[in-house]
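Please read the report below alongside the sequence and the 3D view.

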Amino acid sequence: MEAVGDPREGPSTERAFEGETIQAWTEQISMRSVVASILLGTILSSVGMNLVFMSGVVPSLNIPAAMLSLFLLKIWTHILRRFDVFHQPFTRQENTVIQTCVVACASMVSSGGFGSFMLSMSPREATETKDGLVEDINVSSPSLGRLIIFYFLISFVGLFAIIPMRKAMIIRHRLTYATGTATAHLINSLHTPQGAQQAKRQVSVMLKSLAGSLCWDIFQWFYTGGPNCGLASIPTFGLKAYQKGFYFNFSATYVGVGMICPTLVSISMLIGTILSSAIMLPYIESKKGVWFNALYKENSMMGIYGYKVLISIAMMLGDGLFQLLLIPFKTMSNLRRKQQQLEAATNAFRSVDAIRHPALSFDDRRRTHVFLKDNIPFSYAIIGYIMLATISTIAIPHMYSQIKYQHMIVAYIFAPLLAFCNAYGTGITDLNLYTQYAKIVILVFGFWITAAKGGVVGGLVICAIMTMIIATAGDFMQDLKTSYLTLTSPRSMLLAQAIGTAIGCIINPIVFWVFYHCYLNDTTGSYYAAPFARVHRIIALVGAGGFIKLPKYSIALSIPVFFAAIATSALREVAIHKNWHIQHYIPSVAAMSAAFLIHPTMSIDMCVGSLILLAWNKADSENASLLAPVVASGLICGEGIFAIPYSLLGTYKITPPMCIRFLASDVNAKVDAFLAKQAG
């Protein structure tokens with residue numbers, strides 16, 4: 001909600017909050033905010049873990065975190081009010097703090113590599129890839145205690161790596177950070193007097209969406225008492241399409257993801273699914289017995305799955321390499337443009353005195369003043385980084401013998417540079433590209449360590465260390481942008497991020513442990529496929545030089561795909577830069593590459609979500625923009641909440657009582673005849 005202020009300055013948000021006292025940074029974090037963060041962090045970590053084990057695709061959780069924190073604290077304050085118990089008002093600063101804590105906890109699911117590089121060290125993945133490197137030095141079984149200690153050692157370093165850059169990126173260069181900006185606008189809207197009724201409506205809709213999604217999952221579970229059973233296995237487009245994986249899965253999670261992700265991402269994933277499952281893989285399958293041994297299982301790297309993984313990796317590396325090479329050019333272009341703007345505005349942002357510069361609006365003056373008031377000294381960041389890096393450099397080689405001190409030192413020297421590049425790129429594009437950096441890190445350190453000395457595990461461990469720093473830089477800058485726009489102190493944000501990270505270091509390994517055992521016990525491999533675990537192990541094997549058995553022509557097919565990915569990414573960037581109309585029709589290579597590794601139904605479900613959003617926008621754009629994000633968040637959270645009891649049911653071998661299965665009419669006639677014969 002925007003309030004109208006001085007007409008010469010345009011619409012103002014902060015005029016609506018002008019009479020509101022801003023709490024000291026020490027008061028913005030309360031005991032109730034920490035309790036709420038633990039509860040919501042657990043819920044969203046479960047949601048995220050469910051997503052990474054199913055497909056590896058996790059949408060931004062900033063808006064769901066902001067909405068859920070508002071919902072929880074509103075209920076809490078309402079209960080206290082009913083019993084006449086004194087309580088502090090729930091402010092937008094506290095809302096921002098909780099959102100930051102929760103996102104810091106939940107984002108560790110993907111940035112910590114629980115469904116990718118940490119899982120890829122396990123004996124299960126070594127056995128599945130049949131890479132011949134199953135000896136102890138290239139395999140590491142996950143241990144709950146070691147995981148918790150490991151993440152405590154590496155997760156806080158990234159906070160100190162990016163803190164010195166916050167003023168330059170947010171005040172001087174005014175980088176967008178679209179997700180952080182959108183979250184701030186949502187929080188501001190929910191806490192303005194005009195937005196009170198709107199907030200109640202959004203909370204109500206989100207609660208109904210969450211409850212509906214949860215009840216639908218519970219209902220479906222009763223009919224899944226066997227392979228290919230359940231309402232999710234309806235052959236929507238016919239039996240032949242069903243056999244190729246093309247059917248609507250009725251997954252509330254991926255319908256919700258499709259409503260949150262840009263439509264281009266959903267369409268790109270569908271294009272990737274059609275290219276892989278409907279065109280390329282059927283052709284490769286026709287070469288069974290010629291290109292690869294027909295006796296290999298479908299999920300064997302020596303069989304058809306090897307082609308899927310290698311082609312996907314080629315697309316990822318092509319797009320990732322292009323994006324990384326593009327960052328310096330975008331940075332220089334952006335700096336040149338900002339320099340021109342600064343000169344035109346008589347260097348408005350070169351000092352704190354610029355707060356009083358008449359070129360700045362009331363909102364900018366107030367926000368800049370609050371953001372700069374609670375300064376975090378540069379020396380504290382440097383000392384904190386060196387101390388934490390030194391501790392982990394000493395400790396981690398004792399936990400993973402494949403790692404030596406020199407590997408850790410080199411990693412911590414280059415990590416801040418990559419963190420800065422990623423944070424700057426995130427501010428411009430809103431894309432956190434830590435996964436692209438991760439692949440390069442695995443290759444470089446795996447090659448350095450070599451397979452004979454444990455380069456597979458060593459490359460993956462160093463990847464985890466550097467990825468946490470690189471990813472945290474992008475995520476934390478998004479949150480700092482939110483804090484800037486909601487007048488939340490950077491000091492309270494740093495403490496909130498540290499608290500959320502500490503919660504995540506305990507919650508996420510525990511949630512992972514539950515899912516890990518469920519994943520191992522899932523013999524069908526259909527539900528928790530964790531596709532990116534295998535991808536990261538293959539990359540580590542290639543880097544360490546230990547992977548020599550590849551399917552015939554798999555490399556030959558991957559090379560043209562690699563260059564095609566670069567060409568497509570380049571064409572898309574040129575089209576965007578030149579503002580060509582075709583930019584809206586050039587698919588995202590990153591989304592297409594992910595589609596090669598996931599079940600086709602997930603892409604279809606996401607497209608259904610995007611179609612629902614498009615239809616809703618066409619019918620009622622105002623309500624769609626207001627309610628679509630909260631409906632999608634409720635759908636995702638509802639199914640995510642059910643993931644934990646589902647995993648526990650699978651762990652204890654509790655099977656559903658019924659099975660619904662769909663058969664062709666001729667097969668059904670044979671089944672009826674067989675049953676009649678048995679009954680007779």
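## Basis

This is a predicted model, in which local features need pLDDT of at least 70, side-chain atom pairs count only at pLDDT 80 or more, and totals for chains, interfaces and linings use all residues. Residues are numbered from 1 along each chain as its sequence is written, and side-chain values use heavy atoms, with hydrogens and water left out.

Helices are DSSP runs of H or I with at least four residues, numbered from the N terminus.

## Helix 6 and helix 16

The axes of helix 6 (residues 144-154) and helix 16 (residues 378-399) come within 10 Å and cross at roughly 155°. Helix 6 is therefore roughly antiparallel to helix 16 (angles over 145 degrees, on a scale from 0 to 180 degrees between N-to-C directions).

Contact (heavy atoms within 4.5 Å) involves R146, I149, F150, L153 and I154 of helix 6, and I391, S392, A395, I396 and M399 of helix 16. By class, these are eight nonpolar, one polar and one charged residues.

## Q497

Q497 lies in helix 20 (residues 490-521). Its relative accessibility is 4%, so Q497 counts as buried (under 20% relative accessible area, 1.4 Å probe, protein chains only). Apart from neighbours within four places in sequence, Q497 is in contact with T100, A104, L159, T472, F476 and D479.

## Helix 24

Helix 24 (residues 600-619) has 20 residues and spans 29 Å from its first C-alpha to its last, close to the expected 28 Å (1.5 Å times one less than the number of residues). Buried residues of helix 24 include P600, I604, C607, G609 and L613.

Note on methods
Helices (H or I, at least four residues) and strands (E, at least two) are DSSP runs, numbered from the N terminus. Buried means under 20% relative accessible area, exposed over 50%, partly exposed in between (1.4 Å probe, protein chains only). Angles under 35 degrees count as roughly parallel, over 145 as roughly antiparallel, 65 to 115 as roughly perpendicular and the rest as oblique. Ala, Val, Leu, Ile, Met, Phe, Trp, Tyr, Cys and Pro count as nonpolar, Asp, Glu, Lys and Arg as charged, and the others, Gly among them, as polar.
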